[in-house]
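The following paragraphs lead through a protein model, from a pairing of side chains to the interface around it, and then to helix packing and backbone geometry. Please keep the sequence and the structure in view while reading.

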Amino acid sequence: MRITLLRSLLKYIIRPAAVPLGRSLRSEMLAESPIRLRSRALISTENHSPRLQSTYFNSLLALLLFAGSAAAQTAVDLPPANARGDLLIRGATVLTVTNGTHENTDILVRDGKIERIGQGLSAPSGVQVIDGNGLHVMPGIIDPHAHIALSAVNEARNTISAEVQMGDVTDPTQISIYRALAGGVTTIHTLHGSANAIGGESETLKLRYGTFDPNGLHFEGAPRTIKFALGENPTRVHGRGRDIRPRSRMGVEQLYREAFSEARRYRDAQNEAAENGSTPPPYSRRMETLADILDGEVLIHCHSYRADEIYMLMNVLRDFGVDRITFQHVNEGFKVAPELAEFGAGASVFSDWWSYKFEVYYSTAYNVAILLRNGVRASINSDSRELIRHLYHEAAKSQRYGDLTDDEALSLITINPAWQLGIDDRVGSIEEGKDADLAIFDGHPLSIYARPVMTIVDGIIRFDEARDGDDMRLDIDPEAEIEDVRLYDHNEDSCLVDAFVL
Amino acid sequence: MRLTTRLVAFLLFLFFAPLLHAQGITEGTPLRPVTRTFAITNARVVQAPGQVLERGTVVVRDGIIESVGANVLAPHDAEIIEGDSLTVYAGFIDAFSHVGVTQVEEDEEDIDDPGNPTNDRAGIMPQRDVRTMLDPSGGSIKDLRNIGFTVAHVVPEGRMLPGKGVAILLREPQRFEDAQGVVLTGSLSLYAQFERSEGVYPGTPMGIMAKMRDLFIEARRRRTSVNRYYSDPEGRARPAYDPVLVALQEALDANLPMYFRVENTNEAFRALNITEELELPMVLVGLPWSTPLTNRLADRRITAIAPLALPDTVAADTTALAIPVATPSPGASVSIQQRRARSHRDLENERAALRAQRAAAVGRYESNAATLQDAEIPFAFSTYEVKTGDIRENLRRMITAGLNADDALAALTTSPAELLGLGMLGTVEEGKMANLVLTDGDYFEEDTNVLLVFVEGVKYEIEEEEELEGADPDAVVDPAGTWAFSVATPDGEVEGTFTITGSGTSLTGTIRTDETRDLESVTLEGNVLNFSFTQPEMGSVRVSGVIDGDSFSGTATVGSLGSFSITATRRPN
């Protein structure tokens, strides 16, 4: 009886892998992404206790009863944000990024952490087993620049808004989070927009989709970071928009110098008042945060394009003794690559996206390779709810242009952004003791034919292509006939959301 | 002032009408009643939720419940209300509302430096006291009272920090009484919400969060600085006086709870986070679906004020689904496994699946109160942004979705009384304020009518809304123009003119008898024109009538004096 059930189940769920449209496949592509029939039943439970067997049997029955639905998931079925999972991935190709690639290797996950990597590992009682045969496992992808999972992006009435915090406006219900998960992303750095020379504090999030509690997504212990923005966006919003400084790139530099000087005076005055009991200046979270930057407690992530202004900001920071910065977008970074390396700055680029406005007219697809070869810790960012779904393509394109090794290409979307965010001790590579944030592909993730099939955060499967539901929205508006859910926001630069609502 | 003979007659009538009618027990009047003692005899008395006196008498004297019991005798001076077929409840309390509060025009002028607006322009007005903003003469108080509400906790309208709230009695001001005569308490609450002020800082919820931090941290620090300065000013600068910070300090000193109004779970978590961080006592107002937060609310022992507003029901079209939905009823959530559609191949199925999701979401909102009840989170109800006419129906939907009738009653009576610290309200017990609702059956049944409401011992008869003859909600008429009217009073006709201008939803007007007055809340529903105005001697007058070509006929309701028929004809242009 049980065998019959299993067979009919498999008959239903086995389907051919996608075949590229009408093309003859080259042999290396075939080797990389073999056409094969693969059971979509990746999960089994290796356990011989009668109770668990019967649970498994019942769940199979449930699957069959809802044939045609194949146990599709709903967002509200996903485990809570504080859940930490146990898993054994067996016999997969493991791309550790920091420690080579290992064929036919097992990963044991206990309580959300990678406990062991090796061969012939056995699953402790009750631990879910994922058959990794034919699958590639890479560290969960990290996007160092996103504006998703937010209910506001720009607090654009001041040129400096260091007091606002994206952690205050995390929206864990946005469908973009699930879509990013479906592209293998497990961690994002979600930033204030680029309307202001100094925006707000950013938030590093783990994509624990399924919770309504914003705090559930916050990456515990991640360092504080803050958004800076150079060039046309602040001069456009404030200079041209309201006819105030900064009207030019020079004005942006002066804003920084004055803000840092004022913050230094503010902190001195507060300390002095605390010492001698005099009346302190009014509390200002804006000044507090700026002073914390000067004290090295907040990492800067700066929206930037042109080499001259990138160089300018490094000089400003040097004058004020600040040494941790990552330049975001940094399309002319290749022109100042040795200077960035000398400063110790990070760089987070687009693989081949430019010419969308004048200051970013000039760039090159070799940008990231040049940065890496000059010793700059570089990453790739999305800045887009669409691009975030295929950052592995972006890494592959950089490899194609710049002749990077597999590990170099993968490091652009894993360990390097982790370093830039100060979380490389927790995520960014597959190592024992690190968080079990993993992206599983049905081929090599740098192959154009590979698709993410499962994404794991803290050992919890948060995306499973085989169980991907029709409607994965968490929050459903009872008043809306059809909700306006769009992948692209046409005519809208996500960096400038709310910036012109003046 | 020159008065016509007829107007003098009308005013005389108005003055003497209470006396003329005082003997008539049917006309309860707050003016000079013969007796302020009532005995409701042989009624079913719901003394408190779950505590019912099946047959008893309630004696009310001078606004207080003098006695309640099975063997209580009606005093000789009491007006007897035979309660054989009646049920008596404690008067309901609206835990959060703008009823009777004047809407203040918000300042939305452009300013030179939108990053640094004044506190007023930014909507930061914790020093504002709702008591200075009351206008209890409008019709909304009467509408709420007609379904059993006797007291409301009211707050000012506004933006981020609109001001402080008090409890008021839901009655019109009596003759020669100031608007503040209805106030029952001092400040009970500090109102907060994530409502940005157009065009200035803070313009986003994150800006509002940051601003709240600055304000409350500085309010606490400033208190220390001020104390230090006044004990020893030498070598210290005098901390500047700032009305906003002083108001916040006073709120902190009084441990005034922050009534944080939110619209969704995201805002609710944000409100919980900021009040926890700033160590502010909080009441969560308006959350339509609480399931994801029940643990947080329970941990901090936060009271919730659930909205009486509900989304419209959605009929899930189950017939379009290939696999029928097993539990399509409101209040039950539907598993997606039962309605999986292959969208690109089957639009009908997809549409049905989306509708089923929507119906399930409506069901979640309907079961909000039941969720709070099951999680043992204390909760009360708010009439904020609900149509008064929907309230009883919405309560029934909540009960269908799992709310116990006793808990529903508690959320209307004892819970808000406790939350607001109004110990004299909420139950039908000796010594409590005589706020009572008399019905002809179970309040939560559809057929039950509210017949009488007592507000602090003053009796209000609830007339059934009379259907105006010829009223047609679908008719299209233009009310604009000047109309010559005539009101039939027992002492003769009173005449004058009223003028309606505008169209659609933006109607205004004036009325002229002895002098010209502005009309309030002019509305047109089909061919029914409604407006009201206030005359100092009479209080609020409500007019409602049907327009048929150039003629108008309906009723004019003058305070508690009763209704008179009114007719009017439109003057040719």
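D168(A) forms a salt bridge with R213(B), and the closest N and O atoms of the two are 2.8 Å apart. The term denotes a side-chain nitrogen of Lys or Arg within 4 Å of a carboxyl oxygen of Asp or Glu. The pair crosses between chains: D168(A) belongs to the loop between β9 (141–146) and α4 (175–181) of chain A, and R213(B) to helix α3 of chain B. Helices (H or I, at least four residues) and strands (E, at least two) are DSSP runs, numbered from the N terminus. Side chains of opposite charge can pair when their charged atoms come close. Over all chains, the structure holds 64 salt bridges.

The model is predicted, with local features requiring pLDDT of at least 70 and side-chain atom pairs counted only at pLDDT 80 or more, while totals for chains, interfaces and linings use all residues. Residues are numbered from 1 along each chain as its sequence is written, chains are lettered from A and ligands numbered from 1 in the order in which they are written, and side-chain values use heavy atoms, leaving out hydrogens and water.

The interface may now be considered as a whole. Between chain A and chain B there are two salt bridges and 20 residue pairs in polar contact (both at pLDDT 80 or more). A polar contact is a pair of N or O atoms within 3.5 Å; within protein, one must be able to donate a hydrogen and the other to accept it, and residues adjacent in sequence count only if both atoms are side-chain atoms. The side of chain A that touches chain B comprises 22 nonpolar, 17 polar and 17 charged residues. In this classification, Ala, Val, Leu, Ile, Met, Phe, Trp, Tyr, Cys and Pro are nonpolar, Asp, Glu, Lys and Arg are charged, and the others, Gly among them, are polar. Chain A contributes 56 residues to the contact and chain B 51 residues, where contact means heavy atoms within 4.5 Å. The two chains bury about 4500 Å² between them, 51% of it on carbon and sulfur atoms; this is the accessible area (1.4 Å probe) lost on putting the two parts together, summed over both.

Helix α3 (residues 205–231) of chain B also packs against helix α4 (residues 243–253) of chain B, at an angle of about 85° and with the axes 9 Å apart. Axes are lines fitted to C-alpha atoms, for helices over the stretch in contact, and angles run from 0 to 180 degrees between N-to-C directions. α3(B) and α4(B) are therefore roughly perpendicular to each other; angles under 35 degrees count as roughly parallel, over 145 as roughly antiparallel, 65 to 115 as roughly perpendicular and the rest as oblique. Among the residues in this contact are L215(B) and F216(B) of α3(B) and L248(B) and L252(B) of α4(B). By class, the contact of α3(B) with α4(B) has seven nonpolar, one polar and five charged residues.

In chain A, the axes of helix α6 (residues 249–276) and helix α7 (residues 285–294) come within 8 Å and cross at roughly 100°. That makes α6(A) roughly perpendicular to α7(A). The residues that meet include F260(A) and Y266(A) in α6(A) and M287(A) and L290(A) in α7(A). Nine nonpolar, no polar and five charged residues make up the contact of α6(A) with α7(A).

Backbone geometry comes last. Most residues other than glycine have a negative phi, and most peptide bonds are trans. The peptide bond from R245(A) to P246(A) is cis, with omega near 5°, and P246(A) lies in the loop between α5 (232–242) and α6 of chain A. In chain B, a cis peptide bond joins Y201(B) and P202(B), with omega about -5°; P202(B) is in the loop between β9 (189–193) and α3 of chain B.
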